Amino acid sequence: MAELGEQIQEKGRKAVYRAKQWLERSTRVAHSWTAYDNVPSVDLLKFTCPGNGASAGFDIGGTFRGEELEENSFMAEVKDYGPNSDQYPEFKKFLALCYIAYTSKPKYCNHLIWITWRPFKCDDWDGLTTIAEV
């Protein structure tokens with residue numbers, strides 16, 4: 001049975017908060033926020049696509065603490081798809097969003113992170129971010 005739009009949105013929201021919790025507990029995150037939070041910093045996650053003017057954005061943003069990461073910013077995209085999903089088109093959109101983010105707000109793009117619970121394109125993993133593939 002196909003998931004309804006509301007169910008998919010709720011699953012995505014839960015995945016974002018799960019990823020935020022993971023980042024806070026397992027890395028040196030000093031501050032973080034999600035696209036679902038009602039804080040001014042959430043605007044740092046939003047972008048306008050050149051050409052068509054569509055809105056795009058990351059799911060989580062924040063700053064790190066400690067040593068070489070002190071005050072470095074990050075933005076992360078979260079995908080919680082099922083085992084038979086094709087994440088690769090979404091990963092390519094993520095790479096395009098990284099480019100848009102870097103050209104729009106470079107000081108907030110120290111670390112751009114893709115978070116997923118499902119592997120994809122395993123046979124081609126080493127080449128996913130090469131110039132030829134992108």
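A residue is called buried when its relative accessible area is under 20%, exposed when that area is over 50%, and partly exposed in between, using a 1.4 Å probe and protein chains only. The model examined here is predicted, so local features need pLDDT of at least 70 and side-chain atom pairs count only at pLDDT 80 or more, while totals for chains, interfaces and linings use all residues. Residues are numbered from 1 along each chain as its sequence is written, and side-chain values use heavy atoms, with hydrogens and water left out.

In general terms, a disulfide is a covalent bond between the sulfur atoms of two cysteines; here the term is applied to cysteine sulfur atoms within 2.5 Å. The structure holds zero disulfides. The closest cysteine sulfur to that of C98 belongs to C109 and is 7.7 Å away, which is too far for a bond.

Attention now turns to strand β4. Helices (H or I, at least four residues) and strands (E, at least two) are DSSP runs, numbered from the N terminus. Strand β4 spans residues 60-64 and is mostly covered, with five of its five residues buried. Two strands are said to pair if DSSP finds at least two bridges between them. Strand β1 (residues 29-34) runs antiparallel to β4 and is joined to it by five bridges; T34 stands opposite I60 in this arrangement. Strand β5 (residues 73-79) also pairs with β4 in the antiparallel sense, over four bridges, and here G62 has F74 as its bridge partner.

D59 sits in the loop between β3 (55-57) and β4. Lys and Arg count as positive and Asp and Glu as negative, with His and the chain ends not counted. A salt bridge requires a side-chain nitrogen of Lys or Arg within 4 Å of a carboxyl oxygen of Asp or Glu. D59 is buried yet has no salt bridge, and the nearest side chain of opposite charge, K79, is 5.4 Å away. Contact means heavy atoms within 4.5 Å; leaving aside neighbours within four places in sequence, D59 is in contact with residues including V16, W33, T34 and V78. Not counting residues up to four places away in sequence, N72 touches G62, T63, F64, N110 and H111.

Finally, the aromatic rings. Rings of Phe, Tyr and Trp (its six-membered ring) pair if their centres lie within 6.5 Å; planes under 30 degrees apart count as stacked, over 60 as edge-to-face and the rest as tilted. By this rule the count comes to seven aromatic pairs. One of them joins F47 and F58, edge-to-face because the planes stand at 85°, with the ring centres 6.0 Å apart. F47 belongs to strand β2 (residues 46-48) and F58 to the loop between β3 and β4, eleven residues apart. F47 is buried at 5% relative accessibility, and F58 is buried at 2%. F58 also forms an edge-to-face pair with F94, at 6.2 Å centre to centre and 90° between the planes. F94 lies in helix α2 (residues 88-104), so this pair ties together parts that are 36 residues apart in sequence. Ring pairs link F47, F58, F91, F94 and W114 into a cluster.
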